[in-house]
Every structure is written in structure tokens, then in C-alpha cells.
Amino acid sequence: MSQAPLLRVSNLTHMYGNRVGCRDVSFELWPGEVIGIVGESGSGKSTLLSCLSTRQQPSAGLVEYDTADQGLTDVYALSEPRRRMLMRTDWGIVHQNPRDGLRMGVSAGANVGERLMAVGARHYGRIREQAGQWLDKVEIDPTRMDDQPATFSGGMLQRLQIARNLVTHPRLVFMDEPTGGLDVSVQARLLDLLRRLVTDLGLSAIVVTHDLAVARLLAHRLMVMRQGEVVEHGLTDQVLDDPHHPYTQLLVSSVLQP
Ligand SMILES: Nc1ncnc2c1ncn2[C@@H]1O[C@H](COP(=O)(O)OP(=O)(O)OP(=O)(O)O)[C@@H](O)[C@H]1O
């Protein structure tokens, strides 16, 4: 394992006025590691994820990312162009609603190719070829390359969003309920695909989900949130099979109820 964490989060807090979004969250994410954030609705998962991915400036605390040139760097101290570049190249963000992560006005191939252009690709033929390969990887028929995303099913849209994010081989991917809002059979297929891609590419990821089965399949470690705070943190199997905090016990047992 590498000497430095990819991401170091220290005492991260975000308040919405008097209301706690998330409070005093600290953890490290190591290269190749997937951390799941679980908890019931309103527990602070999305707030934490948006503070980590620089979509929402936290009220307090520090988020440091291992940049290529400077090592661990406060992401909120980066200049706007550098932060934007980071988000387009080193990082990926998979939104629950694929429409939030795709450009619905351009073709499927362009959605994937655009990210390659952001990292300097200019050769049209090669961009098209790579876009086609990625569509194939996420199980979308490459002959649909020139189709508009609006003609795709929900599962296909989510897979297209994943291809758009992964084509640049990001080091860190943030996922917000990646299988939410899909039919159960579509979810299972997507989850299988995600698991394969994460392993094959050696991705580091932070996955927010309220679905413990998704957490079990994707995450090496779990953080359980309640009322904005992390109440339990550990290896996924340990947390789910032998939960210590009463809230985690409740969460796990409520899934087991028929
Ligand atoms: N824009 C906002 N303005 C005010 N309060 C907010 C806002 N967004 C979230 N909150 C509050 O912050 C707390 C955490 O919400 P958050 O959306 O992060 O939880 P969550 O675990 O992601 O929930 P869900 O699974 O329903 O998305 C809640 O009390 C919520 O009401």
C-alpha cells in the first residue's frame, strides 16, 4: 500500500444555519479502497459527499487530496481552475440521477468523448474508438454511439454516466446512491458491473447508499451516519455482521426483517 492516503478528512462539519448537515467527520481513504457511507434519510450522507467533492464548502474542517505535484493539499485552497481540472480528470462523480451527470443535449459518444478531450485528446478517430470501447465495457451497444441519451432506459443512462466518469481513469470516484431509483433486476446488473470496474481499474471510491446490500458488495470499509455524525466505522463485514452501536444494530436488523 502507498505511503500516503489519497484523501484525508479532518473534523469536517457543515451546518445549514442551526441545523447540522454533518459534524466532526474524520477519516482517511487509501488508494484502491472503497468506503461506503450508510445511514437513514437525513443522516448527512449527501452533505458529507458534497463537502468532500467540493460541491459545497464546509463550515469547518479540512479535506486534503493527494495531488500529483504537491502531495496532500487542502482541496478548498486550490485555485478554481485547478479544482475544476481535478474534477474533470482525477475525480469522477456518479450522481443518483444520471441526468445530473450527463449532458442530455449531446450524443452518448460525445458524453464519453468530451471527458477525453478535457485531458487533451484531440484525434477524432481515436476519441470515437475509445468512446465505443467504453460503451461496450458498460454493456451499451456501441452502435448506439450517435443516439441521444434521452432515448436510453434508466439503467443505460446510469451505465453511460459511469462510462463518462471512468474513461479518464480517475483515481477517486464519488458515487451518490448509484443504484437508486432503478428496478431491482437492473440494480443487480449495475452493481455487478460497478464491482467489476472498481476492481479491474483499482479505483478508490466513496459510495453513499442507504442500501446495505450495495454497501456490502462494493465497500471495503463502512461509515455509519446518524444525525450528521459517524457513529460506527470499520470493515464492512465486521460492521454488518457484528454491529456495535445500537443504531447500526437497528439498521442491520431492520433489513433482516421479512
Ligand atoms: N439545502 C439544505 N438546507 C437546509 N438543510 C439541509 C439542506 N440539505 C440538507 N439539509 C439537512 O441536513 C441534514 C442532512 O441531510 P442530507 O441530505 O445530507 O442527508 P442524507 O443522509 O443524504 O439523506 P437522504 O438519504 O434522504 O438524501 C438533514 O437534517 C437535512 O434536513
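Two strands pair if DSSP finds at least two bridges between them. Keep that in mind for this tour of a predicted model.

**Stop 1: a pair of strands.** Select residues 7-16, which form strand S1, and residues 60-67, which form strand S4. These strands run antiparallel to each other and are joined by five bridges. For one of the bridges, pick Leu7 and then look across to S4, where Tyr65 is its partner.

Stop 2: The four strands make an open sheet, and reading across it gives the order S2-S1-S4-S5, with antiparallel pairing. Turn the view to follow the twist, which averages 25 degrees from one strand to the next.

**Stop 3: a helix on the sheet.** Select residues 45-52, helix H1. Which strands does H1 touch? The helix packs on the sheet with contacts to S1, S2 and S4. Its direction and that of S2 make an angle of about 55 degrees.

**Stop 4: two helices.** Two packed helices are described by the angle between their axes and the distance between the axes. Select helix H4 (residues 108-118) and helix H5 (residues 124-137). Their axes cross at roughly 120 degrees and come within 9 Å. The crossing of H4 with H5 is right-handed.

To see the contact itself, show the side of H4 that includes Val112, Leu116 and Met117, and residues of H5 including Ile127, Ala131 and Trp134. Sorted by class, the contact has eight nonpolar residues, three polar and one charged. Arg128 of H5 is also among the residues that meet H4.

Technical notes: Residues numbered from 1 in each chain as written. Predicted model: local features only at pLDDT ≥ 70, side-chain atom pairs only at ≥ 80, totals over all residues. Helix = DSSP H or I, 4+ residues; strand = E, 2+ residues; numbered from the N terminus. Axes fitted to C-alpha atoms, helices over the stretch in contact; angles between N-to-C directions. Contact = placed C-beta atoms within 7 Å. Left-handed = near helix turned anticlockwise from the far one by under 90°. Nonpolar A, V, L, I, M, F, W, Y, C, P; charged D, E, K, R; others polar.
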